[in-house]
Amino acid sequence: MLAVLRTAKPVEHKITIVEGLTAKQIAALLMLAEASSGPVDIPQEGSALPQTYAFERGMTRDAILKRAQAAMDKELAAAWASRAPNLPLASPRDMLILASIVERETAKPDERSHVAAVYLNRLRMGMKLQADPTVAYAISGGTGTLDHKLNRADLDSDDPYNTYQHAGLPPGPICSPGVASLHAVGRPMSSEDLYFVADGSGGHAFARTVDAHLRNVARWRALQLVEPEAPARPPR
């Protein structure tokens with residue numbers, strides 16, 4: 001008993017911040033960690049790195065958040081330092097913003113660098129990103145989740161985060177991207193594609209031209225049992 005008291009390690013508790021959570025969702029998750037203590041403010045969007053954090057009972061939620069933020073600062077700096085040359089990104093924050101969009105666009109690991117390439121190509125050409133997740137973020141008030149499919153009114157809404165209406169990157173991240181999405185933006189696939197649409201199997205069909213994209217859209221619609229509320233629109 002004395003040996004246990006002298007050498008036993010404290011019980012570790014764990015909390016997992018999954019990729020793609022918004023700042024509001026992360027704050028709510030931390031408040032559910034019963035072994036931690038104290039209040040926590042909603043952090044700056046995209047500032048916390050998604051991963052599992054171990055902590056001892058009684059550790060403050062604010063301290064856990066600060067660890068997640070320090071981890072994001074470290075990973076973002078590493079991704080920025082190892083980025084490919086000539087990316088149309090002016091700062092690590094630009095990388096974080098685009099990585100957050102990539103994170104919400106696809107859950108397939110093998111698609112991240114391809115999705116990143118599409119958006120980087122659009123930025124180079126001055127095309128609007130027209131990323132649905134940015135509209136969802138705006139319409140949902142920063143929660144990132146909607147109770148309906150995006151419709152025409154949503155896409156036409158005048159919000160700084162609506163990349164159908166405003167060119168370039170949105171004003172800030174729309175979630176906390178994981179390490180893989182950060183590096184996908186920093187080292188994108190070599191591709192000339194400018195468009196993508198859901199392929200009906202959980203992934204996306206990519207295209208370089210409008211005509212090829214419209215064919216992919218037609219195939220996707222043919223797989224739907226009902227007409228979608230917001231038909232896919234090629235970037236202007």
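The accessible surface of the protein chain comes to about 12000 Å², with 54% of this area belonging to carbon and sulfur atoms; areas of this kind come from the Shrake-Rupley method with a 1.4 Å probe, and for residues only the protein chains shown count as cover. This is a predicted model, in which local features need pLDDT of at least 70 and side-chain atom pairs count only at pLDDT 80 or more, while totals for chains, interfaces and linings use all residues. Residues are numbered from 1 along each chain as its sequence is written, and side-chain values use heavy atoms, with hydrogens and water left out.

The protein chain contains nine helices and four strands, where helices (H or I, at least four residues) and strands (E, at least two) are DSSP runs numbered from the N terminus. Their order from the N terminus is α-β-α-β-α-α-α-α-α-α-β-β-α, and the C-alpha atoms fill a box of roughly 75 × 40 × 30 Å along the principal axes.

Of the 236 residues in the protein chain, 47% are buried, a term that stands for under 20% relative accessible area, with exposed meaning over 50% and partly exposed in between (1.4 Å probe, protein chains only). The largest nonpolar core has 45 residues, among which Leu-89, Leu-98, Tyr-119 and Val-185 touch the most other members; such a core is a set of buried Ala, Val, Leu, Ile, Met, Phe, Trp, Tyr and Cys residues joined through side-chain atoms within 4.5 Å. The elements that give two or more residues to this core include strand S2 (52-56), helix H3 (61-81) and helix H5 (112-125), and H3 gives the most, with eight residues. Beyond its neighbours within four places in sequence, Tyr-119 is in contact (heavy atoms within 4.5 Å) with Leu-98, Ile-101, Glu-105, Leu-129, Ala-131 and Phe-196.

Thr-22 lies in the loop between strand S1 (12-16) and H2, and is buried, with a relative accessible area of 0%. Residues up to four places away in sequence aside, Thr-22 touches Glu-45, Arg-104, Tyr-137, Gly-142, Thr-143, Gly-144, Ile-174 and Cys-175.

Side chains of opposite charge can pair when their charged atoms come close. A search of the whole structure finds one salt bridge, defined as a side-chain nitrogen of Lys or Arg within 4 Å of a carboxyl oxygen of Asp or Glu. Asp-62 forms a salt bridge with Lys-66, their closest N and O atoms being 2.6 Å apart. Both residues lie in helix H3, four residues apart, about one turn of the helix, and Asp-62 is partly exposed, with a relative accessible area of 30%.
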